[in-house]
Amino acid sequence: MLIILTGLPGAGKSTFSKNLAKILSKNNIDVIVLGSDLIRESFPIWKEKYEEFIRKATYSLIDNALKDYWVIVDDTNYYNSMRRDLINIAKKYNKNYAIIYLKAPLDVLIERNIMRGEKIPNEVIKKMYEKFDEPGKKYKWDEPFLTIDTTKDIDFGNITKKLIEKSKEIPEYYIEEENKNKEDNIFDKIDKETRKIIGNYIKSGKFDKDRIKDVVNLRKEFLKKIKKKGDVDIYKAIEEFKNMLENF
């Protein structure tokens, strides 16, 4: 069984996953909690270029663990493409999956972040809040099995019961609905995100004024390449663009 948590920083995913894992283990279920922070925190310092390795290493751990154990994925998974990649791992082993959407108001997320020392800048959380792909809003396969308001009391016993019942069902993997505008929607999102990235780099002064034109042209060429590819992973494309800028 693959349990995919999704929610913004401060939503309570790590606390939720640990408590859920304890209850599941008491029900004789072999379960492990995995997430990208497990790899990320193994680096002495953080660099943007590490993220692609972190993502691949995390997926590899999940892939191997799911063969024998229940896996709880403790990550933001804020793009539906990230959740789709995880569902494909479950599909690979004919395992059931359940998306659990943990949510809280933005002001609560910010307050919790401040209380734990602002490990993530508040502005980053605000931006993630704005571009978060709410589960189930676009695709049937992305519908959350449970949506939990973490500002309220959580009944872990009831959640565990529902998950055990779900695990006994025959897995269903809904094919993503074909949409004639799908490729355009993906391209528009990449266009928007890369524009923001360029804007932030210019504001930070990382590029001389003489090089700004070259950077803008680099983005244009990158978008042309993406357009030719058609259906691409948004997350991977954005990470690729960031790496291109770092090495420019």
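1. Throughout this note, buried means under 20% relative accessible area, exposed means over 50%, and partly exposed lies in between (1.4 Å probe, protein chains only). By that scale E240 is partly exposed, with a relative accessible area of 27%, and K225 is likewise partly exposed, at 34% relative accessibility. The structure is a predicted model, in which local features need pLDDT of at least 70 and side-chain atom pairs count only at pLDDT 80 or more, whereas totals for chains, interfaces and linings use all residues. Residues are numbered from 1 along each chain as its sequence is written, and side-chain values use heavy atoms, with hydrogens and water left out.

2. The domain assignment divides the chain into domain 1 (2-169) and domain 2 (175-247), the bounds coming from an automatic or database domain assignment. The contact between them draws on 17 residues from domain 1 and 14 residues from domain 2, contact meaning heavy atoms within 4.5 Å. The C-alpha centres of domain 1 and domain 2 are 26 Å apart.

3. About 1,500 Å² is buried between domain 1 and domain 2, and carbon and sulfur atoms give 44% of this area; buried area here is the accessible area (1.4 Å probe) that two parts lose on being put together, summed over both. Of the area that domain 1 buries against domain 2, E48, R55 and Y79 supply 31%, which is more than any other three residues.

4. Between domain 1 and domain 2 there are three residue pairs in polar contact, both residues being at pLDDT 80 or more. A polar contact is a pair of N or O atoms within 3.5 Å; within protein, one must be able to donate a hydrogen and the other to accept it, and residues adjacent in sequence count only if both atoms are side-chain atoms. On the side of domain 1 that touches domain 2, the elements giving two or more residues are α3 (51-65), α4 and α6, and the largest share, four residues, comes from α4. Helices (H or I, at least four residues) and strands (E, at least two) are DSSP runs, numbered from the N terminus.

5. What is the make-up, by residue class, of the side of domain 1 that touches domain 2? Its residues divide into four nonpolar, one polar and twelve charged, where Ala, Val, Leu, Ile, Met, Phe, Trp, Tyr, Cys and Pro count as nonpolar, Asp, Glu, Lys and Arg as charged, and the others, Gly among them, as polar.

6. A search of the whole structure finds 16 salt bridges, and the count between domain 1 and domain 2 is three. A salt bridge is a side-chain nitrogen of Lys or Arg within 4 Å of a carboxyl oxygen of Asp or Glu. Side chains of opposite charge can pair when their charged atoms come close.

7. D233 forms a salt bridge with R84, and their closest N and O atoms are 3.4 Å apart. This pair links distant parts of the chain, 149 residues apart, with D233 in the loop between α9 (209-229) and α10 (234-246) and R84 in helix α4 (residues 80-92). D233 is buried, with a relative accessible area of 11%.

8. K225 forms a salt bridge with E240, with the closest N and O atoms 2.6 Å apart. Because K225 lies in helix α9 and E240 in helix α10, the pair ties together parts that are 15 residues apart in sequence. Salt bridges that share partners also join D37, R40 and E51 into one network.

9. E123 forms a salt bridge with K126, the distance between the closest N and O atoms being 3.4 Å. E123 and K126 are three residues apart in helix α6 (residues 122-131), and so are separated by about one helical turn. Both ends are partly exposed, E123 with a relative accessible area of 48% and K126 with one of 34%.

10. Three further residues may be inspected individually. N80 lies in helix α4 and is buried, with a relative accessible area of 11%; leaving aside neighbours within four places in sequence, N80 is in contact with D133, K138, Y139, W141 and D142. K242, in helix α10, is partly exposed at 22% and touches E48, I197 and Y201, not counting residues up to four places away in sequence. G10, in the loop between β1 (2-6) and α1 (13-26), is buried, with a relative accessible area of 6%, and on the same exclusion of residues up to four places away in sequence touches L109, R112 and R116.
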